[in-house]
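This report sets out the fold, the chain contact and selected local geometry of the entry shown here. Please consult the sequence and the coordinates alongside the text.

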Amino acid sequence: MRTTARLLAATAVAAATIGLGAHGAYAGDFAVLEVFPSIVAPGAIITVNTPACGPGGRGVGNARALGAGEFRLAPSTHKEVAVGRFTVPHHTEPGTYAIEVSCKNGKRVTGDLVVRHDKQPSGRVHTGVGGSVGPDTTQIAAGVAVLAAAAVGGTLLLRRRASGAQGS
Amino acid sequence: MSAKGNGWFIALAVCAGLWLVQNGSENVTPPVPSAAEAFAAGPGHHTDAAADPLPPSPPLRLRIPEIRVEAPVTGLGLDSEGSLEVPPAADRNLVGWYRDGTPPGAKGTAIVAGHVDNAKGPSVFYNLGALKKGHRIEVTRRDGLTAVFTIDAIEVYEAAAFPDKKVYGPSGRAELRVITCGGGFTQQTGYMGNVVAFAHLIGVRPPPA
């Protein structure tokens with residue numbers, strides 16, 4: 001299905017290119033809506049252009065299908081092509097959406113936009129190397145301190161006993 | 001104190017010291033979430049209603065008061081194998097979010113990851129496995145709003161059985177995943193999986209006046 005979508009998109013782009021190249025003679029007849037990029041993830045900014053609106057022509061695009069509302073097309077630096085932009089909302093579900101443009105001159109053109117979510121991460125995340133795993137040095141140090149104190153105390157006690165025994 | 005009393009006291013101290021040394025010598029691992037925090041144990045008493053999603057805005061800071069996490073957020077992409085990148089390990093107090101995905105608070109599933117430790121010791125999410133259902137996670141965003149999430153479950157997954165769809169899949173509400181390493185540790189394999197906190201948006205705090 002993905003391959004089909006790519007093929008369709010490629011065909012659309014190719015057709016658009018032909019449409020642009022053949023401008024003078026075929027404007028209108030070959031009019032298509034170029035959607036770029038045509039396969040995107042949510043959040044992407046999409047540019048559409050078409051020669052259908054005629055030289056210096058304007059139009060209104062409809063991207064409501066994917067929740068992006070309407071957008072305007074204005075003449076680009078190449079005056080024969082009208083250009084518009086919109087953003088694919090972050091909540092757009094995966095699928096193929098028709099983008100429709102109505103030109104001021106009455107022509108309507110459509111193009112497809114494929115929204116994919118498969119740019120999600122996959123698999124485990126490598127968020128640790130084990131540097132926190134090991135003996136509890138604080139606890140060992142505390143234990144050693146307690147043992148040392150006991151040794152000192154024990155020595156003093158034995159000495160006192162020994163001197164006490166001598167004294168009696 | 002009598003000499004006999006002193007003797008007993010010293011014997012007790014020796015025992016305590018030996019226990020501390022012996023117990024401290026065993027390997028200490030990061031907290032492991034209990035079975036009660038998994039989805040399988042049910043929602044418990046924490047079923048806070050979902051709040052309406054916010055417009056997208058990138059996250060700046062993440063707070064988890066229960067485990068005293070307060071960290072800046074950096075952007076993460078995907079590596080060549082499609083796995084989520086991780087923040088630079090040298091920074092022990094830094095978390096990352098998947099910047100091509102949903103921003104926390106917006107509709108969809110926002111992904112946040114941080115290290116449990118680095119080569120030198122514990123890092124920002126060392127205590128992630130100690131969290132419980134109903135604990136809060138707060139994300140302050142560039143638009144000034146703080147998105148408040150509540151934890152629905154803490155799960156542990158083996159690397160080989162990581163449920164991509166459950167963790168990364170889309171959602172109709174504003175959800176958050178917080179991921180770190182866990183699931184057992186051996187010197188040979190390192191951490192054997194991931195600890196994942198699942199949360200959903202329950203409220204929004206305006207910027208402090």
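The model under discussion is a predicted one.

**Chain composition**

Chain A comprises three helices and eight strands, and chain B has two helices and 10 strands. Read along the sequence, the order in chain A is α-α-β-β-β-β-β-β-β-β-α. For chain B the corresponding pattern is α-β-β-β-β-β-β-β-β-α-β-β.

| Chain | Length | Share counted as buried | Share joining residues at least 24 apart, among contacts between residues at least 6 apart in sequence |
|---|---|---|---|
| Chain A | 168 residues | 29% | 57% |
| Chain B | 209 residues | 40% | 64% |

**The barrel of chain B**

Chain B contains a closed barrel of eight strands, in the order β1-β2-β3-β4-β9-β10-β8-β7 and with mixed pairing. Neighbouring strands of this sheet are turned against each other by 35 degrees on average, direction ignored. In general, strands of a sheet pair through backbone hydrogen bonds, in either the parallel or the antiparallel sense. One parallel pair in chain B consists of β2 (residues 69-76) and β3 (residues 95-98), joined over four bridges. Within β3(B), B:G96 is the bridge partner of B:T74.

The loop between β1 (59-64) and β2 of chain B holds B:R68. The phi angle of B:R68 is near 50 degrees, a positive value in a residue other than glycine. Is B:R68 buried or exposed? B:R68 has 8 other C-beta atoms within 10 Å; a residue with 12 or fewer counts as exposed, and B:R68 is therefore exposed.

**Strand β7 of chain A and its partners**

In chain A, β7(A) pairs with strands β4 and β8. Strand β4 (residues 59-62) of chain A runs antiparallel to β7(A), and four bridges join them. A:N62 has A:E100 as its bridge partner in β7(A). The pairing of β7(A) with β8 (residues 108-115) of chain A is also antiparallel, over eight bridges, and A:S102 stands opposite A:R108 in β8(A). β7(A) and β8(A) form a hairpin with four residues between them. In the turn, A:G106 has a positive phi of about 95 degrees.

A:A98 belongs to β7 (residues 95-103) of chain A. Leaving out residues up to four places away in sequence, A:A98 touches A:A65, A:T110 and A:D112. Its C-alpha atom is separated by 7.6 Å from that of A:A63, although A:A98 and A:A63 are 35 residues apart along the chain. With 14 other C-beta atoms within 10 Å, A:A98 is partly exposed; this class lies between the limit of 12 or fewer for exposed residues and that of 20 or more for buried ones.

Elsewhere in chain A, the peptide bond from A:F36 to A:P37 is cis, with omega near -15 degrees. A:P37 is placed in the loop between β1 (34-36) and β2 (39-40) of chain A.

**Contact between the chains**

How many residues does each chain bring to the contact? Chain B supplies 56 residues and chain A supplies 35 residues. On the side of chain B that touches chain A, at least two residues come from each of α1 (3-25), β4 (108-114), β5 (117-118), β6 (121-122), α2 (164-168), β9 (174-186) and β10 (190-205). The most is given by α1(B), with 14 residues. By class, this side of chain B has 30 nonpolar, 21 polar and five charged residues.

In soluble globular proteins, nonpolar side chains tend to be buried together. The largest nonpolar core here has 46 residues, of which B:L62, B:I111, B:V112, B:A113, B:I137, B:I151 and B:A197 touch the most other members. β10(B) gives the most to this core, with seven residues. Another core, of 20 residues, lies apart from it, with A:I46, A:F86, A:I99 and A:L113 among its members.

B:A113 has contacts in both chains. Neighbours within four places in sequence aside, its partners in chain A are A:V125 and A:T127. In chain B, B:A113 is in contact with B:L76, B:L84, B:V86, B:V95, B:G96, B:I179 and B:T180.

Key
Residues numbered from 1 in each chain as written. Chains lettered and ligands numbered in written order. Predicted model: local features only at pLDDT ≥ 70, side-chain atom pairs only at ≥ 80, totals over all residues. Contact = placed C-beta atoms within 7 Å. Nonpolar A, V, L, I, M, F, W, Y, C, P; charged D, E, K, R; others polar. Pairing = 2+ DSSP bridges. Axes fitted to C-alpha atoms, helices over the stretch in contact; angles between N-to-C directions. Core = buried A, V, L, I, M, F, W, Y, C linked by C-beta atoms within 7 Å.
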